[in-house]
Amino acid sequence: MPARAYVNGQYMALSEAAVHVEDRGLQFADSLYEVAAVLNGRLFDWQPHLQRLRRGAAALFFDGLPTDGVLTGIARRLVADSRLPDALLYIQVTRGAARRDHLFPRDVRPTLVMTIRGFDFAQRISQQSRGISVISLPDQRWARCDIKTTGLLPAVLAKQEAKAAGAFEAMFVANDGTVTEGSSTNMYMVNGDGAIITHPLSARILPGVARATLLKLARDNHIPVFERPFTLADAKSAPELFLTSTTAPVLPIVRVDADPIGQGQPGPVAARLAGLLWDEIERQTNWRV
Ligand code: PDD
């Protein structure tokens, strides 16, 4: 039973899942989402995804989000019903369906959607050994990028532009020259001392779950971490760059625009961090390549 969905209390095949046309997620992107990894039939880093969803719900004044226990129960049932060992679990919560009006509707319950579909994490291992390229683009998003809303149009356009340029990802650069993050990833540079530098948590970036796990693993393994801004020029002259996300745990960046990074090959710090992250994945889920 691959690709399953849950919509407001009902379980079904993903192909049958639907919401109301006046859902505020559709009409206003008045909605939040999460993407969590399922490896070996187990949810990876699940609690931080729930915490971020709850934080977003508070920021947007969503009422009536089910408890963590209920959300976890739905997620586990989708994993079990789908029998997919390796998958992505998607959650979306909207303010609900109501007659179109910008103002918050009264007496409306949030729409809750969860879906699960298969995902090949092993493909990332070969990408890790080859490295990927990115293009730099102006960061044209809103001023609350710390909230994981489905208002993703700037990310959609940027990712498409990256693909057209033969690149895997777009690296967003703010007006002041700072690299914020990728269109759907967090960005890191390695300095000449082998330390990791990444944009500090702020309203300019999403607090990535993979970011938090990676920085903890780095610190636990005595790899220095500096959460401070860096510029596109810093990035292009760094010995190593890499990105992280739930769907791309530590991918080395070997080219930005036309410029090779370091030797134009994945470097040792990213390789070490990738190893640490796969070990953590194995620890939590027993997943092995
Ligand atoms: N993207 N930054 C942005 C803008 C993102 O959209 C994401 C996640 C990340 C990484 O966050 P995490 O480590 O929690 O996955 C950073 C998801 C995977 C997506 O939109 O598909």
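## A strand wrapped up inside

All 5 of the 5 residues of strand S10 (residues 186-190) are buried, so this strand is largely enclosed by the rest of the structure. Here, buried means under 20% relative accessible area, with a 1.4 Å probe and protein chains only. Strands are DSSP runs of E with at least two residues, and helices are DSSP runs of H or I with at least four, each numbered from the N terminus. Asn186, Tyr188 and Val190 point one way from S10, while Met187 and Met189 point the other way.

Before going further, note that this is a predicted model, where local features need pLDDT of at least 70, side-chain atom pairs count only at pLDDT 80 or more, and totals for chains, interfaces and linings use all residues. Residues are numbered from 1 along each chain as its sequence is written, and side-chain values use heavy atoms, leaving out hydrogens and water.

## The neighbours of S10

Which strands pair with S10? Strand S13 (residues 240-245) runs antiparallel to S10 and is joined to it by 5 bridges; strand S11 (residues 196-198) is also antiparallel to S10, over 3 bridges. Two strands count as paired if DSSP finds at least two bridges between them.

S10 and S11 form a hairpin with 5 residues between them, and Gly194 in the turn has a positive phi of about 80°.

Helix H8 (residues 268-285) has 18 residues and reaches 26 Å from its first C-alpha to its last, close to the 26 Å expected at 1.5 Å a residue. That expected span is 1.5 Å times one less than the number of residues. Among the buried residues of H8 are Leu273, Leu277 and Trp278. Asn286, with a positive phi near 65°, follows the helix.

The largest nonpolar core has 28 residues, and Phe242 and Leu273 are among those with the most contacts inside it. Such a core is a set of buried Ala, Val, Leu, Ile, Met, Phe, Trp, Tyr and Cys residues joined through side-chain atoms within 4.5 Å. H8 supplies the largest share of this core, 8 residues.

## Around the ligand

How many residues surround the ligand? There are 17, and the closest include Tyr33, Arg52 and Glu181; a residue counts if one of its heavy atoms lies within 4 Å. A side-chain N or O atom of Glu181 is 2.6 Å from a nitrogen atom of the ligand.

How values were computed:
Buried < 20%, exposed > 50% of the residue type's maximum accessible area, 1.4 Å probe, protein only. Polar contact = N/O pair within 3.5 Å; in protein donor to acceptor, adjacent residues only side chain to side chain.
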